[in-house]
Amino acid sequence: EAGLQILGVEEHSFFHLPEGGIGSGEAKRKVQDLLSSFKPDKIVLPSFLDNHTDHVAANELLFRCDVSEMSEIWASEIWTPIFVNRLLDITLVIEQKRKAIQAHASQLASRNYEKAMLGLNQYRGESMGVGAYAEGYFVSPLKFYKELYKKTL
């Protein structure tokens with residue numbers, strides 16, 4: 001919640017699931033309710049290629065829900081480099097992002113995610129000529145994204 005506050009996010013939902021509970025039936029019901037309520041045309045989530053079990057599980061959860069095939073997926077690279085076809089210059093908000101990352105003390109205790117994430121953002125920005133820092137996304141229709149996921153199994 002502290003990270004969201006730093007980023008200025010006013011509206012959010014927490015499901016209060018136990019660690020590893022993202023694959024549960026309760027999680028599916030809650031996500032389905034959220035999707036039915038908002039009917040998003042764009043969905044941002046960590047890439048299924050990201051090196052974190054909860055990030056992969058979030059994708060699997062989405063695939064089990066009833067989502068419009070017209071939805072556009074914005075799969076983000078968190079700390080695992082992926083093929084990206086969209087870059088967003090975040091140079092002007094990099095310090096805000098740094099502070100939001102620092103709000104995740106328990107995660108930072110196990111690895112230096114701050115250095116990894118910001119290093120990847122710096123690489124994307126500098127190497128692609130977008131800015132000093134950029135976030136990378138793989139953007140595609142949901143149907144194509146699901147097909148790619150199935151090929152990784």
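Start by selecting helix α4 and the elements around it: the buried residues of α4 pack against α1 (2-7), α5 (105-108), α6 (113-128) and β4 (134-141). Keep in mind as you click that this is a predicted model.

**Helix α4**

Which residues of α4 are buried? Select residues 94-102 and colour I94, K97, A100 and I101, the buried residues of this helix. They cover an arc of only 120° around the axis, so they sit on the same side of α4. There is a simple background to this: an α-helix has 3.6 residues a turn, so residues three or four places apart point the same way.

**Along helix α6: N121**

Next, move to α6, one of the elements that the buried residues of α4 pack against. Select N121, which is found in this helix. Is N121 buried or exposed? Its relative accessibility is 2%, and buried means under 20%, so N121 counts as buried. Now show its surroundings: leaving out residues up to four places away in sequence, N121 touches I90, K97, A132, Y133, A134 and E135. You have already coloured K97, one of the buried residues of α4.

**Still in α6: R124**

Stay in helix α6 and select R124. R124 has a relative accessibility of 7%, and therefore counts as buried too. What does R124 touch? Leaving aside residues up to four places away in sequence, select E77, P81, I82, V84, L87 and A134 to see its contacts.

For a sense of distance, draw a line from the C-alpha atom of R124 to that of C65. The two residues are 59 positions apart along the chain, and their C-alpha atoms are separated by 32 Å.

**Two loop residues**

Now leave the helices and select H16, in the loop between α1 and α2 (25-38). Phi of H16 is near 50°, a positive value in a residue other than glycine. Is H16 buried or exposed? With 72% relative accessibility, H16 counts as exposed.

Then go on to K39, in the loop between α2 and β1 (42-46). K39 also has a phi near 50°, again positive in a residue that is not glycine. Its relative accessible area is 65%, and K39 is exposed.

**Zoom out to the whole chain**

Switch to a cartoon view of the protein chain. How many helices and strands are there? The secondary structure comes to seven helices and four strands. Along its principal axes, the C-alpha trace spans about 40 × 30 × 30 Å.

Among contacts with a separation of 6 or more, 72% are between residues 24 or more positions apart. Of the 153 residues, 37% count as buried.

Finish with a surface view. The protein chain exposes about 9400 Å², and carbon and sulfur atoms supply 56% of that area. Colour by charge for the last stop: there are 17 positive and 20 negative side chains, and the centres of the two sets lie 5 Å apart.

Key. Residues are numbered from 1 along each chain as its sequence is written. This is a predicted model: local features need pLDDT of at least 70, side-chain atom pairs count only at pLDDT 80 or more; totals for chains, interfaces and linings use all residues. Side-chain values use heavy atoms; hydrogens and water are left out. Buried means under 20% relative accessible area, exposed over 50%, partly exposed in between (1.4 Å probe, protein chains only). Contact means heavy atoms within 4.5 Å. Accessible areas come from the Shrake-Rupley method with a 1.4 Å probe; for residues, only the protein chains shown count as cover. Lys and Arg count as positive and Asp and Glu as negative; His and the chain ends are not counted. The place of a charge is taken as NZ of Lys, CZ of Arg, CG of Asp or CD of Glu. The arc is that of the directions from the helix axis to the C-beta atoms.
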